[in-house]
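Hi everyone, thanks for making time this morning. I'd like to walk you through a structure that may be new to you, so let's bring it up on the screen.

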Amino acid sequence: MTFEREARQTLGVCYYPEHWPESRWPIDAQMMAAAGIEYVRIAEFAWSLLEPRPGVHDWGWLDRAIDELAAMQLKVVLCTPTATPPKWLVDQMPDMLPVDAQGQVRGFGSRRHYCFSHEGYRRECARITDAMARRYGDHPAVAAWQTDNEYGCHRTTLSYSDAALSGFRRWLADRYQEIGNLNRAWGNVFWSMIYDSFEQIEFPAAAVTQTNPSHQLDFRRYASEQVASFNKLQTDIIRQHSPGRPISHNFMGKFFEFDHYAVSQELDIAAWDAYPLGFLDREIGDEALMKRYMGIGHPDFDPFHHDLYRSCGELRNGQDKGRWWVMEQQPPGPLNWGAYNPAPLPGAGRLWVWEAFAAGAEVVSFFRWRQPSFAQEQMHEGLLLPDGEANDGYRLCCEINEELQQLLPEPGSSRAEVALIFDYDSQWMMEIQPTAADASHFDSVLQAYAALRRAGISVDIVPPTENAIAGRKLVVMPMLTHITPEFAENLAASEAVVLAGPWTGAKSENLGISEGLPPGALRQLIDIRIRRVETRPAFAPFNLAEGGTLAGWLETVVAGDKVEVMETLENGQATALRSGRTIYLAGRYENAALDRVTRQALELAGLPWLDLPPDIRVRDNGNRRYLFNYGRDTQDLSALFPGAQVDMGSLQLESCGVACIRQPVQPATQQRVPASRQVTT
Ligand code: GAL
């Protein structure tokens with residue numbers, strides 16, 4: 001049997017039957033079906049129940065739970081339980097535990113207590129995965145799989161265990177072949193760091209001061225590859241015993257400890273866990289923004305991840321329409337893991353779900369079915385109250401289910417004309433050597449994404465590959481710290497307008513300064529050399545002549561004759577330069593100024609953009625245009641979309657409101673590009 005891509009979009013839920021008496025299971029299954037839930041994810045933390053003692057399995061309860069769900073035609077997403085190794089296993093081989101950078105063992109008592117490099121633990125994972133896949137691989141109700149749970153969560157990608165150290169040394173020996181090559185690649189002549197053999201190499205941690213950045217980068221790469229091979233171990237086994245069933249993994253928000261593109265190459269469906277209010281509390285870190293979006297969530301943070309993981313979903317199947325899900329969606333209630341845990345505003349939960357559907361999610365699956373009255377997550381709201389009665393989340397499912405019957409959206413997404421590059425190597429390079437305390441690849445990419453969203457532009461967030469940029473009109477690459485000569489050639493050969501942020505191409509593969517000075521290989525597109533970068537704290541920005549500021553990052557550029565200066569500082573120093581279809585920003589533009597240059601790039605690419613009111617966001621998918629109001633006031637959008645056919649909602653878009661209109665619509669406003677000026681040296 002082959003499970004095809006869902007032909008329509010639908011709801012799911014994360015369920016823990018093992019938390020409740022069996023007599024309750026049929027009631028739960030009936031309630032799920034009645035609310036329009038189709039997919040039920042189970043078992044990701046159930047190892048100690050499935051194998052209470054070494055080699056002794058208890059499948060009975062899981063058989064019966066799956067049967068109860070199947071009886072209501074619910075489809076099961078079955079998880080491998082490897083995120084929670086049982087106590088007996090940890091006692092058998094305590095060296096499987098992860099170790100932190102200070103050498104402290106991270107012990108049993110919560111979850112994710114394993115080191116990705118440990119061969120013995122890998123064998124155990126293969127064993128339980130094999131046993132589950134054989135037992136349930138062709139069960140008619142098992143529609144999909146999830147490997148493990150949130151790889152790397154709780155900072156578990158980097159482990160400083162003995163297993164990791166020997167693995168790292170082997171990895172280095174394989175990569176460099178001879179120790180002399182490693183010494184040269186890392187620049188170990190500096191501070192007398194020359195090694196004689198791979199066996200001498202330690203972790204890039206616990207030294208007196210900074211360790212070598214190339215050493216750190218290689219350790220990050222090694223750790224990332226461990227996650228990918230750990231995942232592949234499981235997907236190979238599942239594919240063997242459960243052919244035709246798609247395999248997913250649930251990624252996280254603002255999480256870069258491993259290369260998600262690499263892991264996704266073995267996944268049929270990329271999924272992620274969306275907690276808008278948790279992210280606002282934990283990841284945004286700006287009081288004004290937190291206040292403004294309290295109860296709603298940041299208008300671009302979760303959508304960014306939808307667009308990133310959709311492109312991850314394309315990587316295995318090479319489909320135009322990446323398969324992706326929200327595997328865990330915050331319910332319309334408080335969480336347990338923020339410093340503070342506010343309740344969503346009325347309508348916010350619905351807005352989150354529709355933003356995901358508009359971005360092409362096949363399934364939006366809520367976390368979790370019923371709020372537990374025990375253990376770590378007892379304060380995390382579910383669709384049901386701890387007493388089993390329906391809560392707001394349950395009612396929301398019923399509401400969305402009705403809407404889905406009427407609108408019949410299709411999964412997937414039309415290829416966007418704008419590609420925004422996000423790159424894990426660049427992320428690690430900036431983490432290792434930020435040069436300004438607040439500089440980050442991710443923050444720069446999110447900022448560029450928000451500028452594009454403010455202009456009403458739909459975006460695919462993609463890796464720096466030829467495939468990913470094929471056919472785009474605009475490629476935006478903020479702080480793409482490392483760029484290969486091949487990718488620079490791909491860009492040069494494409495028809496796309498390229499908007500490159502500062503520090504693009506600045507670093508070599510091993511995190512040295514690019515040959516011939518930054519922007520290295522990008523010089524194939526624009527003839528400039530960066531002679532200096534200076535950085536300042538946010539309270540001391542650089543003022544732009546055209547208005548607005550650079551947020552504390554300024555590069556001194558030497559430009560060739562054919563390069564035009566588009567913008568300068570008040571003192572005349574070039575900050576935006578252009579050569580043909582390529583624009584280079586020699587500083588970190590803050591939002592208002594970034595809007596200006598982004599719109600110039602859009603205009604150069606022939607792309608229409610919108611003058612949206614603040615907090616209104618737009619998403620195009622096929623012939624549908626979705627409108628979202630992340631603000632607290634109703635907005636009248638009728639002048640912006642005159643004569644649009646409204647399929648859902650209203651152009652009087654209330655707070656947290658969602659509307660869907662039919663394309664094509666005429667953009668109401670567009671600005672002109674100011675004439676660029678010749679370079680003055
Ligand atoms: C996720 C995790 C779930 C649960 C949830 C709570 O990160 O995958 O198991 O802990 O957070 O919000």
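By class, the domain 1 side that touches domain 2 has 1 nonpolar, 2 polar and 2 charged residues. Here Ala, Val, Leu, Ile, Met, Phe, Trp, Tyr, Cys and Pro count as nonpolar, Asp, Glu, Lys and Arg as charged, and the others, Gly among them, as polar.

A word on what you're looking at: this is a predicted model, where local features need pLDDT of at least 70 and side-chain atom pairs count only at pLDDT 80 or more, while totals for chains, interfaces and linings use all residues. Residues are numbered from 1 along each chain as its sequence is written, and side-chain values use heavy atoms, leaving out hydrogens and water.

Where are the domains? Domain 1 covers 418-608 and domain 2 covers 616-662, with bounds from an automatic or database domain assignment. Their C-alpha centres lie 31 Å apart.

**Around the ligand**

Now, which residues surround the ligand? They are Phe45, Arg111, Asn149, Glu150, Asp273, Tyr275, Glu328, Trp337, Phe367, Glu377 and His380, each with a heavy atom within 4 Å of the ligand. That shell divides into 4 nonpolar, 2 polar and 5 charged residues.

Look at the ligand's oxygen atoms. A polar side-chain atom of Trp337 lies 2.7 Å from one of them, and for Arg111 the distance is 2.8 Å. On its own the ligand has 310 Å² of accessible area, and the protein covers 95% of that, by the Shrake-Rupley method with a 1.4 Å probe.

Technical notes
Polar contact = N/O pair within 3.5 Å; in protein donor to acceptor, adjacent residues only side chain to side chain.
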